Amino acid sequence: MVEKAQDANTTAREAENGSSADGETAGSFLRFILLVALAALAFRSFAFSLFNIPSESMLPRLMNGDYLIASKWPYGYTSNSLPFDIDLIPGRWFASAPERGDIVIFKHPVDGSDYVKRAIGLPGDVVELQGGQVILNGEILPLEKLPDLKVAVSANTGCAWGASREDDGTGRVFCRYKRFRESLPGGRSYEVLDFGATPQDDYGPVRVPAGAMFLLGDNRDNSQDSRFTPEAGGGVGLVPQALLVGRAERIVFSTDGGAECLRPGSWFPTTRWQRMGDGL
């Protein structure tokens with residue numbers, strides 16, 4: 001009887017120890033998952049975040065279907081830096097203004113969606129457009145004519161009104177756009193597209209107020225930017241720097257939109273491999 005009682009006690013202790021070990025293992029796993037989630041949240045909030053390009057307003061540098069990584073620290077941190085815009089950061093910490101020519105990610109001042117444009121004017125700058133040319137502080141930004149841009153027509157990229165449509169003879173269809181290189185004071189330059197005469201070719205002059213910025217899309221005649229009154233899904237006006245989210249750094253993936261989730265064989269041919277890794 002004594003031996004049986006000892007065996008029963010031993011079995012109970014073993015069961016208890018096993019249950020305790022299982023609980024510790026489950027608890028350790030949950031703690032690991034929580035730490036991973038917190039690390040990912042911190043990385044996305046304060047280091048880098050991924051954004052996709054859903055329009056052609058930044059052609060030729062950015063295309064519909066590009067996925068880019070943006071750094072969060074260059075312009076400081078606000079609640080806009082956090083996922084879902086959680087209101088946890090009062091004001092703007094470590095604030096810094098963008099440099100002219102930066103491709104910036106920011107929140108639309110009306111609908112709060114993520115937008116991407118190029119910073120042209122900073123506080124105190126006087127910005128004007130005449131005949132499609134930018135005049136910054138009384139100086140016309142030089143435009144150098146470049147060979148026309150040819151963009152392949154795909155599931156997510158068509159021909160806008162300013163393009164000529166052509167076939168290369170192999171069955172592939174392209175859009176041809178007039179392309180220029182615009183240069184800022186100091187020598188920084190980038191490519192822009194011009195469709196021809198439009199009402200927005202003439203604007204201003206306007207002085208950029210303190211804490212704001214004047215932004216343009218590189219696709220000058222197909223961009224709702226600072227030339228347009230702020231409205232949901234449209235123009236952005238002079239954008240407060242407090243709405244900055246990050247600085248575009250590099251294209252990490254690009255697709256022409258023709259892939260089908262259930263057909264893995266369609267994934268590789270529709271990837272724009274030549275764009276991946278491009279610095280911005």
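# Briefing: strands, cores and open spaces of a predicted model

Pro205 is found in strand S12, and the peptide bond that leads from Gly204 into Pro205 is cis, with omega near 10°. The model is a predicted one. The protein has 15 strands and one helix. Of its 280 residues, 40% are buried.

- Four strands form an open sheet with antiparallel pairing, in the order S7-S6-S5-S12.
- The edge strands are S7 (139-140) and S12 (203-207), each of which pairs on one side only.
- Within this sheet, strand S6 (residues 133-136) pairs with S7 in the antiparallel sense over two bridges.
- Ile135 has Ile140 of S7 as its bridge partner.
- Asn137 lies in the loop between S6 and S7.
- The phi of Asn137 is near 55°, a positive value in a residue other than glycine.
- Asn137 counts as partly exposed because its relative accessibility is 44%, which falls between the 20% limit for buried and the 50% limit for exposed residues.

**Strands S1 and S2**

- S1 and strand S2 (residues 66-71) run antiparallel and are joined by five bridges.
- Ser49 has Ala70 in S2 as its bridge partner.
- In a regular strand, side chains alternate between the two faces of the sheet.
- The loop between S1 and S2 contains Pro60.
- The peptide bond from Leu59 to Pro60 is cis, with omega near 10°.

**Nonpolar cores**

- The largest nonpolar core has 15 residues, of which Ile120, Val127, Val134, Leu141, Tyr190 and Phe214 touch the most other members.
- At least two residues of this core come from each of strand S5 (126-130), S6, S11 and strand S13 (212-216).
- S13 provides the largest share of this core, with three residues.
- A second, separate core has twelve residues, including Ile53, Ile105, Ala248 and Ile251.
- Leaving aside residues up to four places away in sequence, Tyr190 touches Arg118, Ile120, Leu141, Phe180, Arg181, Glu182, Leu184, Asp218 and Arg220.

**Largest pocket**

- The volume of the largest pocket is about 430 Å³.
- Its lining consists of 22 residues, and those closest to the pocket centre are Met63, Val151, Arg272, Gln274 and Arg275.
- Strands S8 (143-152), S10 (173-183) and S11 (189-193) are the elements that give two or more residues to this lining.
- S8 gives the most to the lining of the largest pocket, with four residues.
- By class, the lining of the largest pocket comprises ten nonpolar, eight charged and four polar residues.

**Second largest pocket**

- The second largest pocket has a volume of about 310 Å³.
- It is lined by 17 residues, and Pro54, Ser55, Asp114, Tyr115 and Val116 lie nearest its centre.
- Strands S1 (48-52) and S4 (114-121) each supply at least two residues of this lining.
- S4 gives the most to the lining of the second largest pocket, with four residues.
- The classes in the lining of the second largest pocket are eight polar, seven nonpolar and two charged residues.

**Enclosed cavity**

- One cavity of 30 Å³ or more is found in a search of the whole structure.
- The largest cavity holds about 70 Å³ of space.
- Its lining is made up of Gly132, Leu143, Phe180, Glu182, Val192, Leu193, Asp194, Asp201, Arg220 and Asp221.
- S10 and S11 each contribute at least two residues to the lining of the largest cavity.
- Five charged, four nonpolar and one polar residue make up the lining of the largest cavity.
- Phe180, Glu182 and Arg220, which belong to the cavity lining, are also among the residues that Tyr190 touches.

Conventions:
Residues numbered from 1 in each chain as written. Predicted model: local features only at pLDDT ≥ 70, side-chain atom pairs only at ≥ 80, totals over all residues. Heavy atoms only, no water. 1 Å grid on protein atoms, 1.4 Å probe; cavity = no way out; pocket = protein on both sides within 12 Å on 5 of 7 lines; lining within 4 Å. Points joined across faces, edges and corners; volume = space filled by probe spheres on them. Nonpolar A, V, L, I, M, F, W, Y, C, P; charged D, E, K, R; others polar. Pairing = 2+ DSSP bridges. Core = buried A, V, L, I, M, F, W, Y, C linked by side-chain atoms within 4.5 Å. Buried < 20%, exposed > 50% of the residue type's maximum accessible area, 1.4 Å probe, protein only. Contact = heavy atoms within 4.5 Å.
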